[in-house]
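Okay, thanks for coming, everyone. I have a few spots I'd like to walk you through, so let me put the thing up on the screen.

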Amino acid sequence: MSEKLELTGMVLSAVPIGEYDKRIVLLTKERGKISGFAKGARRQNSPLLAAAKPFSFGTFECYEGRSSYNIYQAQISNYFEKLSMDFEGAYYGMYFLEFADYYARENSDEKELLKLLYASMRALENPHLPKKLVRYVFELKAMVINGEYPEVFCCTVCGGTENLCGYAHARNGAVCAECMRGARAEKLLESTVFTMQYVVATPVEKLYTFTVSDGVLDEFSRIQERFRRTYVDRKFKTLEILESLQI
């Protein structure tokens with residue numbers, strides 16, 4: 001008989017299987033991304049009815065099969081109910097789940113990505129944080145965790161660390177004032193460069209502790225949008241919806 005496992009994680013997606021079951025994808029601390037079957041999860045009296053839904057975070061008890069897991073019990077500590085009642089927040093949250101699913105791998109150490117996902121959902125529920133800012137912070141930090149991020153601590157032309165006031169897309173990094181013209185760089189506010197430095201270097205626990213001006217957010221979002229398109233080779237359905245709604 002397979003060994004019982006207790007995994008901490010969040011449901012990334014859930015689809016109906018047969019008449020009463022669900023197939024769910026979990027991002028877990030212990031096993032990375034896994035697929036599992038929650039038998040009877042669509043029955044009204046099932047203990048897995050609420051647990052087998054996207055956003056559900058908690059502990060999942062399961063057996064490991066040859067190609068998937070059988071989930072038989074769950075203790076959910078956070079359903080993120082506020083997101084389900086917030087049209088805009090729900091779409092941002094679904095995009096984060098889809099983005100995390102893109103990067104996560106089975107049997108990989110995904111503790112930091114799970115931590116980021118959880119913290120980002122909490123940030124979406126914070127009325128004092130612009131959701132657009134949360135989105136681009138989440139994207140950039142997820143890419144940093146995956147080992148892909150722009151050089152924002154020194155000039156990508158001369159290597160200097162002073163007067164970083166531009167960004168060269170061809171070099172995927174910052175440019176100092178002296179190298180701006182030759183590098184064909186986009187001029188940035190000093191606060192925009194600092195914002196990107198903060199996101200790259202700061203632990204997830206302290207990530208969502210700031211806001212920025214509209215001008216900085218516009219520059220940050222424009223740079224991150226180009227950076228994501230360079231390194232991410234997937235079109236996300238939820239992102240297309242977000243962009244069509246212009247939120």
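Let's start with a quick one: is Asn107 buried or exposed? Asn107 is exposed, since its relative accessible area is 57%, and the cut-off for exposed is over 50%. Keep in mind that this is a predicted model. You'll find Asn107 in the loop that runs between α2 (87-103) and α3 (111-124). I picked Asn107 for its backbone: phi is positive, about 60°, and this is not a glycine. As a reminder, most residues other than glycine have a negative phi.

Now, Asn172 also has a positive phi, about 50° here, and again we're not looking at a glycine. Asn172 sits in the loop between β6 (164-168) and β7 (173-176). Asn172 is buried, though, because its relative accessible area is 16% and buried means under 20%.

Okay, on to the helices. Have a look at α4, residues 131-145, and α7, residues 214-231: their axes come within 10 Å and cross at roughly 40°. So α4 counts as oblique to α7, and the crossing is left-handed. Who's involved? On the α4 side, we have residues including Lys132, Leu133, Tyr136 and Met143, and they meet a set in α7 that includes Leu217, Phe220, Phe227 and Tyr231. If you sort that contact by class, you get nine nonpolar, two polar and six charged residues.

Let me zoom in on one of those, Leu217, over in α7. With a relative accessible area of 9%, Leu217 is buried.

Last stop: Thr238, which is in helix α8, residues 237-245. Thr238 comes out at 12% relative accessibility, so we call it buried. And which residues is Thr238 in contact with, leaving aside its neighbours within four places in sequence? Those are Tyr91, Met94, Tyr95 and Glu98. With Glu98 there's a polar contact, side chain to side chain, at 2.5 Å.

Methods
Residues numbered from 1 in each chain as written. Predicted model: local features only at pLDDT ≥ 70, side-chain atom pairs only at ≥ 80, totals over all residues. Heavy atoms only, no water. Helix = DSSP H or I, 4+ residues; strand = E, 2+ residues; numbered from the N terminus. Buried < 20%, exposed > 50% of the residue type's maximum accessible area, 1.4 Å probe, protein only. Polar contact = N/O pair within 3.5 Å; in protein donor to acceptor, adjacent residues only side chain to side chain. Contact = heavy atoms within 4.5 Å. Axes fitted to C-alpha atoms, helices over the stretch in contact; angles between N-to-C directions. Parallel < 35°, antiparallel > 145°, perpendicular 65-115°, else oblique. Left-handed = near helix turned anticlockwise from the far one by under 90°. Nonpolar A, V, L, I, M, F, W, Y, C, P; charged D, E, K, R; others polar.
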